[in-house]
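Subject: Structure for your review

Dear colleague,

Please find below the structure that I am handing over to you.

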Amino acid sequence: MKFFGKTKIDFIGKRRIAFVISLVIILAGIVSLVINKGPKYSIDFTGGVAMELDLTPVKDGAQIVKVQDIRDALTNAGIQDAEIQEIKGSEGKQFILIKTQVVGGMKDKTSTKVIEIIKKEFPDNVNPETLIRLQEEVGPKIGEELKGKAILAIFWALLGIILYIWWRFEFTFGLTAVAALFHDILITIGIFSILGIEISLSIVAALLTIVGYSLNDTIVVFDRIREDLKLYRKEPYGSVINHSINETLSRTIITSLTTFVVVLSLYLFGGSVIHDFAFAILVGVIVGTYSSIFVASPLMVEHFNKREKKLGTRSKKR
Amino acid sequence: MRNRKIRGLVILVVLLVTAYYFLPMVVPNLPSFWTTKRLILGLDLQGGTQIQLEVDTSILPEDEKEDAIKTAYEIIRNRIDQFGVAEPLIQRVANENRIIIQLPGLKDPSRAKDLIGQTAMLEFKFLASSEQMQETYETMDKFLQENIQNYEFLEEFTDVEETEEVIDVLETEEDIEDESYDNAMIFTDLTTSKDGNPLKIDYKHIAKLKNLLKDSQFLQNIPTGLQIALGKSDKNDPYSARDIYILHKKVEIDGKSLENAITRVGQGYTAKDKGPYILLEFKKSGAKKFKNITGQNIGERLAIMLDNIVFIAPTIESRIPDGQARITGNFTIEECHDLVIMLNAGSLPAPVNIIEERTVGPTLGSDSIKAGILAAIIGMAIVILFMMIYYGFSGLFADIALVVNVAFIIAVMTMLEGTLTMPGIAGMILTIGMAVDANVIIFERIRENIRAGKTIRSAVDSGFNRAMVTILDANITTLITALVLYQFGTGPIKGFAVTLSIGIVGSMFASIILVKAIFDGFVTNSAKDKLSI
């Protein structure tokens, strides 16, 4: 079976259109980031309290707890501005997501306080064995540190990649690959900002995974470009690179498809903990595949053409 | 020919090792010579609490800091050992004043947090006389009245109307007529419960008092030699009002005099004699001191404090010669048990702060495992089917490689005694998608070669050879990001990086070596002019 025979799609010729599309999506993301004053960070980076509690009625005749009642109870006890959300679990279970700042200091144990309040105010809905599904309290200092670490991690990853590709290919290949990675990360962060999804520690891990995946994709095409450039010395750069993209197209699509399918399965069936993470990678797979065909390789064409103007060794079509 | 033999050997060894470590996961009753290692589940899958502590050494001189951290580590380990959690993990973060504690299976971390986070500084102090208390109240009321602009959170107490009743309770009539006391009862009001009891603070105001007790200006204005302290909260009724104490700063006896603490359960009928209490036994020197102090101060109230919280402040009725003291009160049995652990483990040399706490309940953990396995099976099934349909027989080879790879990841994780976390499962699932990539690259090359008119044999060989360079380049860059993730990551992220890295190595082995071997066998042993790809 086969999806593609020998294709001859003119990707390079359409590169300006692709650049415009990328730019529009990136700009939309940036506008959203500006409006929302930066990405929405989770408590991993800002510090704070996040909990998921099981408030399924445990006594006969107990009522489903209303979000407003929880808010009132918390406010009365001095915990203001909590973000409260209801999640419907399977089998009629009622889960409540509570996010709040650390009230007082870490010494005052905000999370313990919340639990005490819930236990007192909604005793008919609390089974102490299963009440806490998730409870996280992160001090502001740890948050700051993690932010610094995350930025450093992305920096080192990108540096490592540039150096490796520089060694294996040429410096410009490395730079171009990293430009494509920036493109992918910017779009993913932008989409997260537009959809209001928080950037947590695991999302940073997802971003780095996207970096790895997108790069994998880009390298396969670059590798073919390197090979074809030696093979077709007389051809203009544009058509050689276009040829390489077409040759690897079938592989690009199939790998993206299998990866997409498993991540989709993770997104649909993998449970709440991994949901946002899977979504980020889902976006990343699409954007990463797109960028190796429409961003990284065309950028190489631009680079070669520019160098060509100075040196002039190949024919100058395109 | 020799190369093939070596290759065969390598494959055999890898498969055997994989089977050795993977099988325990799927076969329950293996013979006794089999490995006893099992895949460890992370806290996010089995449920439990992770707490990160910082030892606050800022007040200590430079040369004592390191010792303080080591002592704190030992004491906390002692406390946790006594606490009774199965397989706790206590780790000092290298070269930092931080300690990470993992407590698997804990359903509610609040007890553990109390146990770990308290300094457990035991002190005996005398309560102030009623004149001194009155003076303190007047001073503090006046101070807050004059400086109310600095204490906005006390605004609600500046209202006179509501406070009249309270004034009646505490002050004599002359005071009320005195103009200067018009509405100057902020501190009194703060520390009077809503049902009119003086020296009691309502639950909702406790945070405000704590703020005041952190404020240096407020503290400076407390009459010299005195301090204000909160009473213990009632675990049976955490919302009840708490006592306020005004006492002398001077420490009469401290934790160093303590020999031993024991939990006892009182059998008496009055509230005071019933229920659990703590029996303190002093060392010889401490007992002597205690005897003198009690003998000389009959009729006074002696407060027993732990970490600046007054647990009990009984009136001394007679000299106590036997070196024993009781802390009674509204204890729960767990609370008593935990306090005794702390008292016996000794007080921390420096205060510790909990800077991070993460708990996953058992229900979320098991939900995650189920969801992860479901997602993995569905994803894997689709990929396996797809590869078979798209690449025919060759797809089947790739599927074998895929299954080997997944078993390989689990086996290596088991061998290294790594921990499987939810992000780790995600990494594995991602690897399932990406592992076939190497085979896709190879198969597409072979298809191209066949299209170009090469014989099957040379199409396969050159396909593998050419694809290998690409696969190495692509995977090494992914490996770089995985390694960075490992370096930067905490717990779960590390788990993800580990499975991703093992998956990458495994997929290279499976696709380049294993699938090639199968191909070689297949291509040489069958009709050579046809290949299902």
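This is a predicted model: local features need pLDDT of at least 70, side-chain atom pairs count only at pLDDT 80 or more; totals for chains, interfaces and linings use all residues.

I begin with strand E4 of chain A, which covers residues 132-138. Seven of its seven residues are buried, so the strand is largely enclosed by the rest of the structure. A residue counts as buried here if 20 or more other C-beta atoms lie within 10 Å of its own.

Which strands pair with E4(A)? Within chain A, strand E1 (residues 48-54) runs antiparallel to E4(A), and six bridges join the two. In this pairing, Gly48(A) stands opposite Val138(A). The other pairing involves chain B: strand E15 (residues 352-360) of chain B is antiparallel to E4(A) and is joined to it by five bridges. There, Glu137(A) is found opposite Glu357(B).

I now turn to chain B, which contains 16 helices and 16 strands. Its C-alpha trace spans about 115 × 50 × 50 Å along the principal axes. The radius of gyration of chain B is 35 Å, whereas a compact globule of 533 residues would have a value near 24 Å. Of the 533 residues in this chain, 41% are buried. As for contacts in chain B between residues at least 6 apart in sequence, 72% of them join residues at least 24 apart.

Yours sincerely,

A colleague

Methods: Residues are numbered from 1 along each chain as its sequence is written. Chains are lettered from A and ligands numbered from 1 in the order in which they are written. A residue is buried if 20 or more other C-beta atoms lie within 10 Å of its own, exposed if 12 or fewer, and partly exposed in between; C-beta atoms are placed from the backbone. Helices (H or I, at least four residues) and strands (E, at least two) are DSSP runs, numbered from the N terminus. Two strands pair if DSSP finds at least two bridges between them. The radius of gyration is taken over C-alpha atoms; the globule rule is 2.2 Å times the number of residues to the power 0.38. Two residues are in contact if their C-beta atoms, placed from the backbone, lie within 7 Å.
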